[in-house]
Amino acid sequence: MSSVVVVGTQWGDEGKGKITNALSSDADLVVRFQGGANAGHTVSVDGTPIVFHLLPSGISVPGVRNIIGPGVVIDPIALDVEIAEVIDRGIEIGENLMIDVGAHMVLPYHKALEAAEEKARGNAAIGTTHRGIGPAYADRCARDGIPIGTLAAFDVFRSRFEEIVDRKNEYLVRLYGEEPLDAGEILEQLHPVAERLARHLSDTPETLRAAIRAGRNVLFEGAQGTLLDVAFGTYPYVTSSCTTAAGVAAGTGVPPSLIGEVIGITKAYTTRVGAGPFPTELTDDTAKTIQERGSERGATTGRARRCGWLDIVALKYSIALNGIRRIIVTKLDILDSFETIKVCVAYDIDGSRTDRFPRTVDELRRIRPVYEEIPGWMSDTGEARRESELPAPALAYLKRICELADVDICSVSVGAKGDALVEFTSVF
Ligand code: IMP
Ligand code: MG
């Protein structure tokens, strides 16, 4: 099968951007199917890092076509800025970018409402990225959303926008005591943006289905991670989209029968940004070391990421949900300095041991991880490019992950640079 889905098996930031970018050289099409500008996919282009939020990570690879699918929520202003920045970096954006007409827009009132809602939540705040993602998806379900294809006829967009913005201002002013938004100002800002984005607007599902049927290599690039999935993640501390492989069909118009292998991207340890349960979280010097060595800071918000050991219970849960048979392990090199490495092999909940990932936040909070200790390798793995160049304890660590999670590893990332990969088996 020529279509491959790349999903994060943790809480996002597993390094999907780098992997997608690396795999893009073998892909004809790279497709985002969910999420929005909350994503921060860091990719190294000519040795300098660049962060993609809405653009698929194949955009910097010549000859690859990129699709922002109908399941994505697009902030047109943010996308316009991102395109300009990427062009500034010498990357061409023309026919290689298609934006599906059905993708809904994130508009300024979504961001304003999210800020007001998060403030109102107080201690129960989700710790969102403030990119308007939740309110935009909520509007889509509530039939108050505006698909981006509407921008092609600006008058049609204007009347729809004016009809909605007044109601949003009522919420802002009367419920949250915030300032109303100036509809005229927003329309003025959006008009030139609409003109620039119009050339990329496209009806993409048939293009995609035809490409897969013709045997082209198609890469579906997941954003966020499985444990942030709106239905199966650590609700309510989740994002508002379907982040699992199941989101591909709903977010692209490609039927499940045309979706091929699902590859999980798994960081060699765990991180999480924002609030919510995190069973293997560390708060000691080890966390600090991981945070510093791994530059664990949100690519979108700049917040320090919470850090902890690898959680096999959570990994198995993600593997089951996504139908993963092979994973790519990332950031192995960050563990180079540890004498021992811990892996969570089970949970202790109120004195009983389980390998089931709990479905309620209350249970998730009561977890005490059961750890297995594995010897570290205390040497540099950053230059390794072949399996034989990895130290024996590092290989043993990887092998143990495979045994515990009943999965195979297709490659291991050992650095930020695009070529810092040890390939075991090829993806396509
Ligand atoms: P939202 O997606 O901005 O609504 O944020 C909801 C939760 O998902 C928060 O905990 C965010 O920190 C987290 N989140 C959203 N996008 C990402 C991402 O790309 N990487 C990691 N965490 C994310
Ligand atoms: Mg990220």
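**Exercise 1. Which residues do ring pairs link into a cluster?**

Solution. This is a predicted model, in which local features need pLDDT of at least 70, side-chain atom pairs count only at pLDDT 80 or more, and totals for chains, interfaces and linings use all residues. Residues are numbered from 1 along each chain as its sequence is written, chains are lettered from A and ligands numbered from 1 in the order in which they are written, and side-chain values use heavy atoms, with hydrogens and water left out.

Step 1. Rings of Phe, Tyr and Trp (its six-membered ring) pair if their centres lie within 6.5 Å; planes under 30 degrees apart count as stacked, over 60 as edge-to-face and the rest as tilted.

Step 2. The cluster linked by ring pairs consists of Tyr 109, Phe 154, Phe 157 and Phe 161.

**Exercise 2. Classify the pair of Tyr 317 and Phe 357, then that of Trp 377 and Tyr 397.**

Solution. Step 1. The count of aromatic pairs comes to 8. With centres 4.6 Å apart and planes at 25 degrees, the rings of Tyr 317 and Phe 357 are stacked.

Step 2. Tyr 317 belongs to helix α10 (residues 312-322) and Phe 357 to the loop between β17 (352-354) and α11 (361-365), so this pair ties together parts 40 residues apart in sequence. Helices (H or I, at least four residues) and strands (E, at least two) are DSSP runs, numbered from the N terminus. Tyr 317 and Phe 357 are buried, that is, under 20% relative accessible area with a 1.4 Å probe, protein chains only.

Step 3. The ring centres of Trp 377 and Tyr 397 are 5.9 Å apart and the planes stand at 45 degrees, so the pair is tilted. Trp 377 and Tyr 397 are both buried.

**Exercise 3. Describe the surroundings of ligand 1.**

Solution. Step 1. Ligand 1 is surrounded by 16 residues (a heavy atom within 4 Å). The closest are Asp 13, Asn 38, Thr 129, Thr 239 and Arg 303.

Step 2. An oxygen atom of ligand 1 lies 2.6 Å from a polar side-chain atom of Thr 129. For Arg 303, a polar side-chain atom is 2.9 Å from an oxygen atom of the ligand. The side chain of Asp 13 has an N or O atom 3.3 Å from a nitrogen atom of ligand 1.

Step 3. Ligand 1 taken alone exposes 470 Å² (Shrake-Rupley method, 1.4 Å probe), of which the protein buries 96%.

Conventions: Buried means under 20% relative accessible area, exposed over 50%, partly exposed in between (1.4 Å probe, protein chains only). A polar contact is a pair of N or O atoms within 3.5 Å; within protein, one must be able to donate a hydrogen and the other to accept it, and residues adjacent in sequence count only if both atoms are side-chain atoms.
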